[in-house]
Structures are given as C-alpha cells and as structure tokens.
Amino acid sequence: MLNNKFKLILPSLLGLLFVAVMMFALTSQEGQVTPSALVGKPIPAFTASSLSATELVGDNELISNNELLGNSALLDNSIFQTDKNYTLLNVWASWCAVCQSEHGFLMKLAAKDNMRIVGLNYRDDRADANRVLSSLGNPYVTTIFDPDGKIALNIGVIATPETYLLDNKGIVLFRYSGALDETVWQHYFKPFMQLLTDK
Amino acid sequence: MKRLSAYFCMMAILIIQPLSAQQSSLSSGESRGEPTQSVEIFEFNTLDKQNRAIHLARQLRCPQCQNQNLMESNSPIAKDLRLKVYVMVNEGKTDPQVIDFMTSRFGDMVLYKPKFEPRTYVLWLGPLLLIMVFGWLGYRKVKASIVA
C-alpha cells in the first residue's frame, strides 16, 4: 500500500529535483557570461601603438589625433612579461558608460592595492579616450590603442568592459565581463591571487 | 469598384507604415564613437569560396547577440567576425580551420551544433537513452496487459 503511494509521488519528486538542479545551474553562472576560451593560454601576439600618456594631454583639450600619435609608443606582448605576480588587462572605451562606472574602482586598485593594470582601448577615438583619462585619472601602466577592434577580436572580447587576469607570463587565468567593484573583486579575483601568493 | 480601390489604398498604407518606422529607427540607432557602415563590399576570388564563406557565417553564432548568427547580426563584432570568416576563406582556409579559429577565441558557444565529445555525451546521447528507456517500459506494460 505504502509502496503504491510512493510510486505515485515518485515522478513528481523526480520532476521537482530536475527543476531544482536546473535552477541551481542557471543562477550559479550569474555575472559571468561565459568563461574565456583563452583561459590557460597566452594573449595572442599583437603589435599596436599605445594611447598617449596623460601628462602629454594635460589641460589641453584641443590636442589633435596626429599630435597624440607622435607621442605614442609601439607595444607588443612583452608588456605582459613582468616581475609582478599578475597583471589586469582591462578593455574599455570612452563611449562606454559602464566602463566609467568602474573607473573609480580601477583607480583604487592601481593606487591602494598596487595592481598593475594594462588598458585596452576598444573602438575609440584617440582624443576622446585621452580626455577620459585626463578627467577621471589614469589607472593604467600603459594602454593599447585598438581603434578597429582587431586585437580585441583576437582575444575574444565580447563587450566592454571586460577584465582579464593574467599571470606574470601573460597567461590568462580568468576573464570577467561587466563592471568591477569590491564585491566582484573579492568574489572572483581574490581566490586566484591567494593561489599565486601561496606558491 | 470604389470599395475595391479603397481596400487597396488601405493595404498600401499598412505596408508603407512599418517600412518607414523601420527606417527612422535605423537612422537614429547610430551611436557616437562607433561609426557604422551599412553596406559591405567584399570580393571573393571564386564563387565557390563566396558560397562557402556565407554558408559558414550563417553557421556561427554572434557572441554579442546570441540569438543571431554572423550573417543576421548588425553588431560591430559580428561585422568584424563576418569579415574575418570571409578573409580566411578567401585565403584558402578550410571550414574546420575557420571554425577552430572561432572556437579558440570565443569558445564552443559560437557553434550552433555542439561538438560530439565526452563533455557533450549526455547532451547528444541523453534523448536516445530516454527513448530507449521509455520504449522498454512501454513494451513491458503492453506485454503485461496482454498476458493478463
């Protein structure tokens, strides 16, 4: 008798379990769209000019793109080879409002936590980008200028802002899509860094 | 006769209206800093390559707007990836080489048809297994009722 009753409830129980598993799988991926395909691999080889340094822009709002181009340096993958344990690669643009919302946090990371942050300026105008850095501050040790998005395409950037955590040889450890803040930093990035410092 | 012509006038208005609405939304959709070109011109070496490239671009998912393939999407990233597919095919790259490039940068999610590998066995074989289990259960039930 009891056995028969149980048999009747069993399908519903199984269904409920299935829904629970699905709900869990859905919500656990919140915040992170998809893991980067580059995890465990180096950033693909590139050469690009840098966005000009902030002190060259200063208060002069009318500086032309050509003048800025003259001040920029040629960059390649060697910028990811450092004596620091890790580097952040932050993809941003002056037209991206969400990037500006995380700018303050990047400034704090660079100043207080002494993080090494490399910028990747995505589909932007050189003068516009420099204006953002001169008004909000520059958290980047250097910024790769990628006006047509070719380098970003090779890295697999889906949308700005995106932040990649790299080790001292430029191998990708983790990619986060979306604006960084203290909660995201503690939850996603800190665990990787504890691993590295323990080594 | 009058009624008929009035009917056609109404039809014409109905058709024109959505078209003009679409146009106005297109022209206002351009954002600053991201110049958008609406016409693309790409010349292939051969017609065969062109067909292959277009077929490939239709098979790949746009990473930014995930319900559209590379041909359908107007996002800048889809435009660039489409161009990348065209260039690679024109250079003589084979279909697997192009697909390998795309998955190595954007992951397996760009594939509408998931690969058959240990990670996706459940996905591919699960339905088959379910059908077999239900077939077996059904067979048992029918057989039992015939005997009874």
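**View 1. A:Arg123 in its loop.** A:Arg123 sits in the loop that links strand S4 (116-122) to helix H5 (126-136) in chain A. Helices (H or I, at least four residues) and strands (E, at least two) here are DSSP runs, numbered from the N terminus. This is a predicted model, where local features need pLDDT of at least 70 and side-chain atom pairs count only at pLDDT 80 or more, while totals for chains, interfaces and linings use all residues. Residues count from 1 along each chain as its sequence is written, chains get letters from A and ligands numbers from 1 in the order in which they are written, and side-chain values use heavy atoms, with hydrogens and water left out.

**View 2. A:Arg123 reaches B:Asp80.** The two side chains make a polar contact at 2.4 Å. That term covers a pair of N or O atoms within 3.5 Å; within protein, one must be able to donate a hydrogen and the other to accept it, and residues adjacent in sequence count only if both atoms are side-chain atoms. With a relative accessible area of 12%, A:Arg123 is buried (buried is under 20%, exposed over 50%, partly exposed in between; 1.4 Å probe, protein chains only).

**View 3. The disulfide of A:Cys96 and A:Cys99.** The S to S distance in this pair is 2.1 Å, and a disulfide is called when two cysteine sulfur atoms lie within 2.5 Å. Searching the whole structure turns up one disulfide over all chains. The S-S torsion is about 90°, so the disulfide is right-handed. Both ends are buried: A:Cys96 at 4% relative accessibility, A:Cys99 at 5%.

**View 4. Two cysteines of chain B.** B:Cys62 is buried at 0% relative accessibility, whereas B:Cys65 is partly exposed at 22%.
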